[in-house]
Amino acid sequence: MATSVLIEDGGIIVLGGLIQDSASRSEQRVPLLGKIPIIGLAFKTRNSDSRKSNLMVFIRPKILRDGLAAAIETDAKYNYMRQEQLRGAPPKSEVLPLIPFTPQPVLPPVPPPMPRNPAPQGPTGPDGAPQSSPPPEKPNP
């Protein structure tokens with residue numbers, strides 16, 4: 001199944017329809033007395049519970065026109081998630097670790113950007129230095 005939508009940059013799309021229904025029934029009774037016919041009804045309780053969950057997904061597309069905009073957005077989201085991990089981590093005494101005696105995983109800091117050397121424009125000489133091209137010839141009248 002495929003769904004197509006048309007939306008402007010920064011608009012919100014809501015996807016829904018993933019529904020879950022669950023029902024549960026339980027019975028509690030006093031041992032022995034709850035099993036007696038008719039009189040046992042006074043010594044037991046019955047409960048039923050039903051739940052309906054509907055998952056809605058909100059999507060806000062943002063058009064990134066170049067690699068620099070994508071890098072800025074990616075770094076911002078990464079740093080936000082990392083700060084939330086560091087800030088929101090409960091004290092060690094309140095949480096059972098996944099593996100005893102090991103630290104909880106936290107995202108590493110973003111590495112600094114690699115310097116980029118601009119590629120030389122035009123032809124290069126045998127020593128790798130850029131060469132200037134001769135001016136175009138003018139046609140004779």
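## The Glu27 salt bridges

Glu27 pairs with Arg29 in a salt bridge, with 3.3 Å between the closest N and O atoms. A salt bridge here means a side-chain nitrogen of Lys or Arg within 4 Å of a carboxyl oxygen of Asp or Glu. Keep in mind that this is a predicted model: local features need pLDDT of at least 70, side-chain atom pairs count only at pLDDT 80 or more, and totals for chains, interfaces and linings use all residues. Residues are numbered from 1 along each chain as its sequence is written, and side-chain values use heavy atoms, with hydrogens and water left out.

Glu27 also forms a salt bridge with Arg46, and there the closest N and O atoms are 2.9 Å apart. Glu27 sits in strand 1 (residues 13-29) and Arg46 in strand 2 (residues 44-59), so this pair ties together parts that are 19 residues apart in sequence. For the record, helices (H or I, at least four residues) and strands (E, at least two) are DSSP runs, numbered from the N terminus.

How open are these side chains? Glu27 is partly exposed at 37% relative accessibility, and Arg29 is partly exposed too, at 42%. Arg46 counts as exposed, with a relative accessible area of 58%. The cut-offs are under 20% relative accessible area for buried, over 50% for exposed, and partly exposed in between (1.4 Å probe, protein chains only).

## From the loop to helix 1

The structure has 5 salt bridges. Another of them is between Lys62 and Glu73, whose side chains meet at 3.0 Å, N to O. Lys62 belongs to the loop between strand 2 and helix 1 (67-88), while Glu73 is in helix 1, so the pair ties together parts that are 11 residues apart in sequence. Lys62 is exposed at 54% relative accessibility, whereas Glu73 is partly exposed at 28%. Back at the Glu27 site, salt bridges with shared partners join Glu27, Arg29 and Arg46 into one network.

Also in helix 1 is Ala71, which is partly exposed with a relative accessible area of 34%.

## A nonpolar patch

Which residues make the nonpolar surface patch? Val30, Leu33, Ile36, Ile38, Ile39 and Phe43 do, and the patch covers about 540 Å². Patches are built from residues with over 30% relative accessible area and no salt bridge; like charges are joined within 9 Å, and nonpolar side chains (Val, Leu, Ile, Met, Phe, Trp, Tyr) within 5 Å. The accessible areas come from the Shrake-Rupley method with a 1.4 Å probe, and for residues, only the protein chains shown count as cover.

Phe43, one of the patch residues, lies in the loop between strand 1 and strand 2. Phe43 is partly exposed, at 32% relative accessibility.

## Positive phi in the loop

The loop between strand 1 and strand 2 also holds Leu32, which has a positive phi of about 70° although it is not a glycine. Leu32 is exposed, at 72% relative accessibility.

Ile38 is in the loop between strand 1 and strand 2 as well. Its phi is near 60°, a positive value in a residue other than glycine. Ile38 is exposed, with a relative accessible area of 75%, and its side chain is part of the nonpolar patch described above.
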